[in-house]
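Q: I would like to learn how to read the features of a model like this one. Can we go through it step by step?

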Amino acid sequence: MSKRVALVTGGNRGIGYEVCRQLAANSLQVVLGARRAADGRRAADALRASGCDVEFCPLDVADAASVSAARQIVEQQYGRLDVLVNNAGIYIDEDQSAFDVPLDTVRQTLEVNLFGAYETIRAFMPLMRRQQYGRVVNVSSGMGAFDEMGGGSAGYRLSKTALNSLTRMMANELEGTNIKVNAACPGWVRTDMGGADAPRDVATGADTIVWLALLPDDGPSGRFFRDRQPIAW
């Protein structure tokens, strides 16, 4: 298959859905990963109805067996993976104090937002190494940046800080290859997670993610971006 293939985790709604749409508009074959099969199929059907080349793949990033099965599906159907967008995430401790939030809530958040992305990258990296090309985009947040760190939402902040660290580590280990790993902060976006009062629409939130997914060979790696500009970790 000559067409580049992109996998977007949590692609059934919000920013993930828009990333799928924009990548398909850039002539990529898009694999829409979603934990709930009915939601994933519905989203993929809607995108295909609008002319997008999108297929659904069951994928729960917090389940190692599900990640492994998704890897097998992508390899068998397409024989390659060029772009991985780690978009799947949860935000279940909004405004809770670090002193009060249940540790099980923090653990659950880390399981999805950090370890889910980690597991998915490791599962699909052999496909990128094999063809000596890849673009990994970790959807992070300024809430996890030391430069912007505040109180509250401890699990979410910790998970995104750790995801940023993972981005730097993996980019370093892949230095000298044409596989790039970057993190993106989409900003505060009007989604189910961001709420109706957020100032940004999903197209704006998805823009930097898609830009990083389509970086040229001389593009950056191991960096953190918002609005296509580097920001401090």
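Q: Where is alanine 25 found?
A: Alanine 25 sits in helix 1. Keep in mind that this is a predicted model.

Q: Is alanine 25 buried or exposed?
A: Residues over 50% relative accessible area count as exposed. Alanine 25 has a relative accessible area of 58%, so it is exposed.

Q: How do I describe two packed helices?
A: Use the angle between their axes and the distance between the axes. Take helix 1 and helix 6: their axes come within 8 Å and cross at roughly 55°. Helix 1 and helix 6 are therefore oblique to each other. Their crossing is right-handed.

Q: Which residues make the contact of helix 1 and helix 6?
A: Helix 1 (14-25) brings Gly14, Ile15, Glu18, Val19, Gln22 and Leu23. Helix 6 (202-213) brings Val202, Ala203, Ala206, Asp207, Ile209, Val210 and Ala213. By class, there are nine nonpolar, two polar and two charged residues in this contact.

Q: How do helix 3 and helix 4 pack?
A: They pack at an angle of about 20°, and their axes are 8 Å apart. Angles under 35 degrees count as roughly parallel. Helix 3 is therefore roughly parallel to helix 4. The crossing of helix 3 and helix 4 is right-handed.

Q: Which residues of helix 3 and helix 4 meet?
A: On the helix 3 side they are Ala64, Val67, Ala70, Arg71, Val74 and Glu75. On the helix 4 side they are Glu119, Thr120, Ala123, Phe124, Pro126, Leu127 and Arg130. The classes are eight nonpolar, one polar and four charged residues.

Q: How do helix 4 and helix 5 cross?
A: Their axes come within 8 Å, at a crossing of roughly 20°. Helix 4 and helix 5 are therefore roughly parallel to each other. Helix 4 passes helix 5 in a right-handed crossing.

Q: Which residues of helix 4 and helix 5 make the contact?
A: Helix 4 uses Val106, Thr109, Leu110, Asn113, Leu114, Ala117, Tyr118, Ile121 and Arg122. Helix 5 uses Gly155, Tyr156, Leu158, Ser159, Lys160, Ala162, Leu163, Leu166 and Met170. This contact of helix 4 with helix 5 divides into 12 nonpolar, four polar and two charged residues.

Q: What is leucine 81 in contact with?
A: Set aside its neighbours within four places in sequence. Leucine 81 is then in contact with Val5, Ala6, Leu7, Val74, Phe124, Leu127, Met128, Gln131 and Tyr133.

Q: How far is aspartate 218 from leucine 81?
A: The pair is 137 residues apart in sequence and 20 Å apart in space, C-alpha to C-alpha. Aspartate 218 lies in the loop between helix 6 and strand 7 (224-226). Its relative accessibility is 70%, so aspartate 218 counts as exposed.

Q: Where does alanine 145 lie, and what does it touch?
A: Alanine 145 lies in the loop between strand 5 and helix 5. Buried means under 20% relative accessible area. Alanine 145 has 0%, so it is buried. Not counting residues up to four places away in sequence, alanine 145 touches Asn164, Phe224, Ala232 and Trp233.

Q: What about the backbone? Which value does phi take at serine 153?
A: Phi of serine 153 is near 55°, a positive value in a residue other than glycine. Serine 153 is found in the loop between strand 5 (134-139) and helix 5. With a relative accessible area of 2%, serine 153 is buried.

Q: What is phi at serine 27?
A: Phi of serine 27 is near 70°, a positive value in a residue other than glycine. Serine 27 has its place in the loop between helix 1 and strand 2 (29-34).

Technical notes:
Residues numbered from 1 in each chain as written. Predicted model: local features only at pLDDT ≥ 70, side-chain atom pairs only at ≥ 80, totals over all residues. Heavy atoms only, no water. Contact = heavy atoms within 4.5 Å. Helix = DSSP H or I, 4+ residues; strand = E, 2+ residues; numbered from the N terminus. Buried < 20%, exposed > 50% of the residue type's maximum accessible area, 1.4 Å probe, protein only. Axes fitted to C-alpha atoms, helices over the stretch in contact; angles between N-to-C directions. Parallel < 35°, antiparallel > 145°, perpendicular 65-115°, else oblique. Left-handed = near helix turned anticlockwise from the far one by under 90°. Nonpolar A, V, L, I, M, F, W, Y, C, P; charged D, E, K, R; others polar.
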